[in-house]
Amino acid sequence: TTTTFTITCRNGVGPDATKSTTVTVHASPVVTLTSSAYAITLGQSVALTWNSSVSSTCSAAWTSQTTRTGTQTGVYPTDPVSYYQISCTDPYGGVGTSPDVRIDVTIPTVTISADPARVVSGGDSDITWDSTNVTNCNVTGPGGFSYSTKNDTKKANNISVRSVYTISCTTAGSPVTDSAIVNVVPAFQEF
């Protein structure tokens, strides 16, 4: 908006003195920010798109672009609830900041354990695994130990050497893995 301010001075003798000045107030930028997705699985990326209502230089930690409008691909949210915003500055110093964009991130989890984790040679151990927010799982270990369930308990038999049991699960994003180790301890011998 533009406003003109005028002052008039009279001294009662000579002509009036008048001075005017015009002030233009520039509205701060109105900035919008949107995401290509608002709910993802850890390891997936989103594209963030912004727009400023006036000519601006924009900046945010998640992009190196400074244009008035743009799209940043390959943004990988990592927190269970991730927030993004962008700020834009017009040529007159006005600053506008977008409302927060919230992205919910599903965190896949896997666990695997051995009970007992120490056996004498030839001993057995119960291998237990669990997973959440995954697509498919494979559990493997020595001696043909192999299963494809997301959660279960199976016995590993006749363990004679240090053995590693691993669960690996696919997700909508990055795969997740975990391992359990069974150590073999010497059997007690009398002399």
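Colleague: I'm looking at lysine 154 and aspartate 152; what do their side chains meet in?

Modeller: A salt bridge, at 3.9 Å from N to O. In general, side chains of opposite charge can pair when their charged atoms come close. The term here stands for a side-chain nitrogen of Lys or Arg within 4 Å of a carboxyl oxygen of Asp or Glu. Keep in mind that this is a predicted model, where local features need pLDDT of at least 70, side-chain atom pairs count only at pLDDT 80 or more, and totals for chains, interfaces and linings use all residues. Side-chain values use heavy atoms, with hydrogens and water left out, and residues are numbered from 1 along each chain as its sequence is written.

Colleague: Is lysine 154 buried, exposed or partly exposed, and how do I read that?

Modeller: Buried is under 20% relative accessible area, exposed is over 50%, and partly exposed lies in between (1.4 Å probe, protein chains only). Lysine 154 comes out at 29%, so partly exposed, and aspartate 152 is partly exposed too, at 28%.

Colleague: How many salt bridges does a search of the whole structure find?

Modeller: It finds 3. One of them joins the side chains of aspartate 126 and lysine 155, 2.9 Å from N to O. Aspartate 126 sits in strand β14 (residues 123–132) and lysine 155 in strand β17 (residues 152–159), so this pair ties together parts 29 residues apart in sequence. Strands are DSSP runs of E, at least two residues, numbered from the N terminus. Aspartate 126 is partly exposed at 28%, and lysine 155 is partly exposed at 43%.

Colleague: And which residue does arginine 102 meet in a salt bridge?

Modeller: Aspartate 104, at 2.8 Å from N to O. Arginine 102 has a relative accessible area of 43%, so it's partly exposed; aspartate 104, at 30%, is partly exposed as well.

Note on methods:
Helix = DSSP H or I, 4+ residues; strand = E, 2+ residues; numbered from the N terminus.
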